Amino acid sequence: MSEPRRTVFGGRRAVPPNNSNAAENDPPTVELQGLVPRGVNLQDYLNVTGVHLFKERLDSNKVDHHTDKYDSNKLIVRRGQSFYIQIDFNRPYDPRRDLFRVEYVIGRYPQENKGTYIPVPIVSELQSGKWGAKIIMREDRFVRLSIQSSSECIVGKFRMYVAVWTPYGILRTRRNPDTDTYILFNPWCEEDAVYLDDDKEREEYVLNDIGVIFYGDSNNVRTRSWSYGQFEDGILDACLYMMDKAQMDLSGRGNPVKVSRVGSAMVNSKDDNGVLVGSWDNIYAYGVPPSAWTGSIDILLEYKSSQNPVRYGQCWVFAGVFNTFLRCLGIPARVVTNYFSAHDNDANLQMDIFLEEDGNVNSRMTKDSVWNYHCWNEAWMTRPDLPVGFGGWQAVDSTPQENSDGMYRCGPASVQAIKHGHVCFQFDAPFVFAEVNSDLVYITAKKDGTQVVEAVDTTHVGKLIVTKEVGGDGMQDITDTYKFQEGQKEERLALETALMYGVKKPLNTDGVAKSRSEVDMDFEVENAVLGKDFTLTITFQNNSPNSYSISAYLTGSITFYTGVSKEEFKNETFDMTLEPLSLKKKEVLVRASEYLGQLLEQASLHFFVTARVNDTGDILAKQKSTVLIVPKVIIKVRGSKMVGSDMVVTVEFTNPLKETLQNVWIRLDGPGVIKPKRKMFREIRPNSTVQWEEVCRPWVSGRRKLMASMTSDSLRHVYGELDLQIQRPPS
């Protein structure tokens, strides 16, 4: 009889890759070392009759490990910290003649040297940071163990077995899904790479399931709440599925650097069928407009169930979902917004804006874009792969912008390294450095083919970098964690360090500022409400004793928030004379009828003013964006705001426009209060109001939040929210 064929792996490896948490291969229940003598019954030896994991929400295993918020009936613990289990036997356990151990297994091809098969030894004392099990109670037919996992343990869902030694081999418990144990990163454990020593920061960056994302522009910061929902039913499994889908080897899943890098690739769908399809063209057929999402729950659950990318996302949606992924696995994380974020394809620290000789922008030659804002994430971890001092917050970005090592991903890049210009350290530090440090360079393209640098704006890009404050919904300015103040000696040193490490800056712009014009120009855009006229005021200041004549050119464009222009809706030229040492203003009226027909979902308008001083030939240039004020969705509640009691939520919206809104979707979400819901209204006529009521029963007490969004064919990015205090039921 021929031997059964063995699987061959091309001579490269003895076993297949172990890259799926979901795949299983159960160890045998009986491992004999030879023949069992006749008359010997293995059942006469010590046998396991039951295993208890103490996995209820109020059990110490979950409370002490800060996992009691997870909506799961499985045991969820954090690595490097002890937890308790109880094993029942068929007779009293006698340590002099009985030998048993607990085993944890993950994946289909477990190996002890890879950390995917973990035999836990019974020890007299637990050692910090190492696997071990200590018997803390022995009564009648059960023993209670305190088990401690390694602080470098793989993060994922482990299968648990109890193995008993007999003279003839090993008896092992059968596969029991009820004893499956999730092990997560542990920011409370000093030996863990994600250890964070501030309790308020751990509460915010790991345990808070509701966040605030900042958008708009630096002069008009807007906020919207986001439901991270990292504790909701099914979200932890969806996050583990993301790593399975990436075919990430299980042995690397205990390293937060690797996990966050894989996560940054998997949140977008480019090149790996990840979670979200990005779309910036204002056309969202067969999907949900990015502005309609209220949180990550629907997105991750749909991705897990359909096993296909979800449509659609833009930067704040990618960042919101990535934040859920990181916090769910136990990595401290926050969403960061960078106002005037440079998308610098060749990382040369320059955004080149080409002008015609008359001062108008040459859109054919101007290719670089400055995003009004861009959201990414920061994850907290040590960086043993970098020199000392570069741990802490790491920038990670899941929005698909540039290819990194063959995939659309970015980071983790040490924020400290970016601040000091050490862009040689992995991963993708030059790209993040350019996002916050690029210069705007205005270049006149002459008809004879020559190019003249007219002006350099070193302060426009990375003007303001913010995140949500700890313990509140306010804004925390973290610009100084990314860059020194403009003009400081340290700022120049950081730039020179970045240039030394190969960040290109080929155009010499240092001498431009010295030929400064004697005329200054600025302009302001008044706060503009959607559907209303507004005024733009241009100010000229003559600082010289001479009289000058000015020729100015203003353009207004409808832009995507990425700074890319869709449609020019206004252009105006005017001339004026400036008397010596005088200040003169010019007001330009922008009518609602000029911009409404072309408006994009973020209601963003971009204005560009260039002026030529005819007497000297000097060119003055300024650009600014404004975001129109849009109406809000109103949320009201009535009834008892108490866990387990019925509460009625009312959502209403009034159409402020003079046109009928078509295909209106309203979404409602509130972690711990109501599962995500949505409702469609075929149309809303001008000045009409629609109402929608839902009955819910909160299941989490404390400070909660309801969030709603409205989207339609012609009006989007409309939000509303309501803070709630949910009471505990009387005991």
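Me: Which residues form the nonpolar patch on the surface together with Tyr84?
Reply: This is a predicted model, in which local features need pLDDT of at least 70, side-chain atom pairs count only at pLDDT 80 or more, and totals for chains, interfaces and linings use all residues. Residues are numbered from 1 along each chain as its sequence is written, and side-chain values use heavy atoms, with hydrogens and water left out. The patch has about 230 Å² of accessible area together, where areas come from the Shrake-Rupley method with a 1.4 Å probe and, for residues, only the protein chains shown count as cover.

Me: Is Met137 buried, partly exposed or exposed?
Reply: Met137 is placed in strand 7, residues 132-139; helices (H or I, at least four residues) and strands (E, at least two) are DSSP runs numbered from the N terminus. Buried means under 20% relative accessible area, exposed over 50%, and partly exposed in between, with a 1.4 Å probe and protein chains only. Because its relative accessible area is 30%, Met137 is partly exposed.

Me: In which loop does Glu190 of the negative surface patch lie?
Reply: Glu190 forms this patch with Glu191, Asp197 and Asp198; Asp and Glu count as negative and Lys and Arg as positive, while His and the chain ends are not counted. Each charge is placed at NZ of Lys, CZ of Arg, CG of Asp or CD of Glu. Glu190 is exposed, with a relative accessible area of 63%. Its loop is the one between strand 11 (181-184) and helix 2 (199-207).

Me: How many residues apart are Arg79 and Asp192?
Reply: Arg79 forms a salt bridge with Asp192, the closest N and O atoms being 2.7 Å apart; such a bridge needs a side-chain nitrogen of Lys or Arg within 4 Å of a carboxyl oxygen of Asp or Glu. The pair links distant parts of the chain, with Arg79 in the loop between strand 3 (75-78) and strand 4 (82-89) and Asp192 in the loop between strand 11 and helix 2. Both Arg79 and Asp192 are buried. Their separation is 113 residues.

Me: Why does the salt bridge of Arg261 and Asp428 tie together separate parts of the sequence?
Reply: The two side chains meet at 3.0 Å, N to O. Arg261 lies in helix 4 (residues 256-266), whereas Asp428 lies in the loop between helix 7 (415-419) and helix 8 (429-437), so the parts they tie together are 167 residues apart in sequence.

Me: Which residue forms a salt bridge with Glu103?
Reply: Glu103 counts as buried because its relative accessibility is 1%. The closest N and O atoms are 3.7 Å apart, and the partner is Arg101.

Me: Which residues does Thr450 touch, not counting residues up to four places away in sequence?
Reply: Thr450 is in the loop between strand 23 (439-445) and strand 24 (451-457). At 37% relative accessibility, Thr450 counts as partly exposed. With contact meaning heavy atoms within 4.5 Å, the residues touched are Thr444 and Ala445.

Me: What share of the chain do buried residues make up?
Reply: The chain has eleven helices and 40 strands. Of its 731 residues, the buried share is 54%.

Key
Patches are made of residues with over 30% relative accessible area and no salt bridge: like charges are joined within 9 Å, nonpolar side chains (Val, Leu, Ile, Met, Phe, Trp, Tyr) within 5 Å.
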